[in-house]
Amino acid sequence: MTKSELIAKLTARYPQLLAKDTELAVKMILDAMANSLSRGEHIEIRGFGSFDLNYRPARIGRNPKSGEKVHVPEKYVPHFKAGKKMRERVDFHLKDES
């Protein structure tokens with residue numbers, strides 16, 4: 001699902017909300033989450049999951065096209081871990097499709 005699809009679904013589900021208000025709310029939530037992660041903070045949404053940062057140390061990589069060695073700098077990458085309720089819901093719905 002894309003951000004615009006999420007906004008469209010929320011607007012359809014809650015007709016009392018204007019599309020531009022829904023868009024602003026979704027944008028503000030995602031911006032707040034991105035800002036928290038950029039400050040190194042942990043985000044936990046009960047029943048949904050948690051977002052954290054994983055550290056990846058510097059390493060020597062390889063350019064797949066030329067085969068030459070390349071230095072890959074250290075970095076932090078966002079990591080999502082689904083909560084128990086989310087895992088159960090996904091598992092339940094995927095079993096129904098089988």
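Two strands pair if DSSP finds at least two bridges between them. Helices (H or I, at least four residues) and strands (E, at least two) are themselves DSSP runs, numbered from the N terminus. Keep both in mind.

Now the ground rules. This is a predicted model, where local features need pLDDT of at least 70, side-chain atom pairs count only at pLDDT 80 or more, and totals for chains, interfaces and linings use all residues. Residues are numbered from 1 along each chain as its sequence is written, and side-chain values use heavy atoms, with hydrogens and water left out.

Let's start with the layout. The chain holds 3 helices and 5 strands. From the N terminus, the order is α-α-β-β-β-β-β-α.

Next, the overall dimensions. The C-alpha trace spans about 55 × 35 × 30 Å along its principal axes. The radius of gyration, taken over C-alpha atoms, is 19 Å for the chain. A compact globule of 98 residues would have one near 13 Å. That globule rule is 2.2 Å times the number of residues to the power 0.38.

How much of the chain is buried? Of the 98 residues, 14% count as buried. Buried means under 20% relative accessible area, exposed over 50%, and partly exposed in between, with a 1.4 Å probe and protein chains only.

On to contacts, meaning heavy atoms within 4.5 Å. Take those between residues at least 6 apart in sequence: 29% of them join residues at least 24 apart.

Now the strands. Strand β1 covers residues 43-45, and strand β2 covers residues 49-56. The two run antiparallel, joined by 3 bridges. They form a hairpin with 3 residues between them. In that turn, Gly47 has a positive phi of about 80°. Ile45 stands opposite Gly49 in β2.

β2 has another partner. Which strand pairs with β2 over 8 bridges? Strand β5, residues 75-82, in the antiparallel sense.

Last stop, the helical part. Look at helix α2, residues 19-38, and find Thr22 in it. Why does Thr22 count as buried? Because its relative accessible area is 4%. Which residues does Thr22 touch, leaving aside neighbours within four places in sequence? Thr22 is in contact with Ile7, Leu10, Thr11 and Leu17.

To recap: β2 pairs with β5 over 8 bridges, and β2 also forms the hairpin with β1.
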